[in-house]
Amino acid sequence: MTPMKLLQDKIAIVTGASRGIGQAIAVEMAAQGAKLILSATSIANLKDTADLVKAQNNQSCILTQANVAIGDEVTEVVKKALDTHGKVDILVNNAGITKDNLLAIMPEKDWDDVLSTNLKSAFLFSKACAKPMVKQRSGVIINISSVVGITGNAGQANYAASKAGMIALTKSAARELARRNIRVNAIAPGFIQTQMTNKLGDALKQKVLEQIPLGRMGEPKEIADVAVFLASEHSRYITGQVIVVDGGMVT
Ligand code: NAP
């Protein structure tokens, strides 16, 4: 008999699924039997992920275009999931951006853009999914934070504040929703090989590498494997936690 997949027939929304960590999470969740609703700023950006998902489980996913910082657009994504499947089991708040600068010269707009894309989005999606999850008496929310939300980082005051905010949101939501059998956890990745980190200069990358005990950058799949664990019954007694996945950089 083939063993049951970890996320068989679970309905999962993944934001920022067009590439990098979000794409890897979509692929690994599909491999474990989940049915996916993917979101990015354009449908065209999601085509590659949709093909990879189909190769895993032979299922089409729902592709949605939304700016995750805008409430009405977020509501539409969740509505599409509910209209099609009648429930949402898993929400992964992954979409994120950086707009790095020193605090003293950071434009106010860059602060606002990063906080709304990274943090407000997680509030909007969690709020929209909490209602059906409470009704179902089950659900899992996974917030993709960052190690810099724990340590801070020079040149990333906006980004680090947004990621620290996600941790506080995770812990608060976990306390609010636990009685309804909804678990909320965060993953704090270190330096992972994606478009976001590709744009860092070679000198900076070398400096970062020297701070990673495992001696290499992480791969998106290494974050996705933890997301699958947190979404599955294997983590049924874990809520309100931040799982650091960084090759040993932050202890
Ligand atoms: P990435 O390759 O730059 O991908 C970012 C994703 O977010 C894309 O799918 C992008 O979609 C989406 N996105 C950006 N702004 C959006 C918006 N306003 N509305 C909807 N979607 C939006 O980044 P990544 O490295 O995979 O990072 C994924 C998450 O992990 C982020 O939250 C990031 O902060 C976090 N993280 C990454 C690292 C790392 O080392 N890479 C470390 C720690 C934490 P479009 O295709 O539409 O632009």
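How do the residues of the shell around the ligand divide into nonpolar, polar and charged? There are 13 nonpolar, 15 polar and 2 charged residues. Here Ala, Val, Leu, Ile, Met, Phe, Trp, Tyr, Cys and Pro count as nonpolar, Asp, Glu, Lys and Arg as charged, and the others, Gly among them, as polar. This is a predicted model, in which local features need pLDDT of at least 70, side-chain atom pairs count only at pLDDT 80 or more, and totals for chains, interfaces and linings use all residues. Residues are numbered from 1 along each chain as its sequence is written, and side-chain values use heavy atoms, with hydrogens and water left out.

**The ligand and its shell**

- The ligand sits in the largest pocket. A pocket is found on a 1 Å grid over the protein atoms alone, as an open set of points where a 1.4 Å probe fits, with protein on both sides within 12 Å along at least five of seven lines. A molecule sits in one if more than half of its atoms lie within 2 Å of its grid points.
- Around the ligand are 30 residues, and S18, T41, N94, Y159 and T194 come nearest. A residue counts as near if one of its heavy atoms lies within 4 Å.
- α1 (20-31), α6 (157-177) and α7 (195-198) each supply at least two shell residues. α7 gives the most, with 3 residues. Helices (H or I, at least four residues) and strands (E, at least two) are DSSP runs, numbered from the N terminus.

- An N or O atom in the side chain of S18 is 2.6 Å from a ligand oxygen.
- A backbone N or O atom of G16 lies 3.0 Å from an oxygen of the ligand.
- A polar backbone atom of V68 is 3.1 Å from a ligand nitrogen.
- The protein covers 93% of the 900 Å² of accessible area that the ligand has on its own. Such areas come from the Shrake-Rupley method with a 1.4 Å probe.

**Residues in loops**

- Most residues other than glycine have a negative phi.
- R137 is not a glycine, yet its phi is positive, about 60°. R137 is found in the loop between α4 (108-136) and β5 (139-144).
- N181 also has a positive phi, near 65°. N181 is in the loop between α6 and β6 (182-189).
- S235 lies in the loop between α9 (220-231) and β7 (242-245). S235 is buried, with a relative accessible area of 0%. Buried means under 20%.

How values were computed:
Polar contact = N/O pair within 3.5 Å; in protein donor to acceptor, adjacent residues only side chain to side chain. 1 Å grid on protein atoms, 1.4 Å probe; cavity = no way out; pocket = protein on both sides within 12 Å on 5 of 7 lines; lining within 4 Å. Buried < 20%, exposed > 50% of the residue type's maximum accessible area, 1.4 Å probe, protein only.
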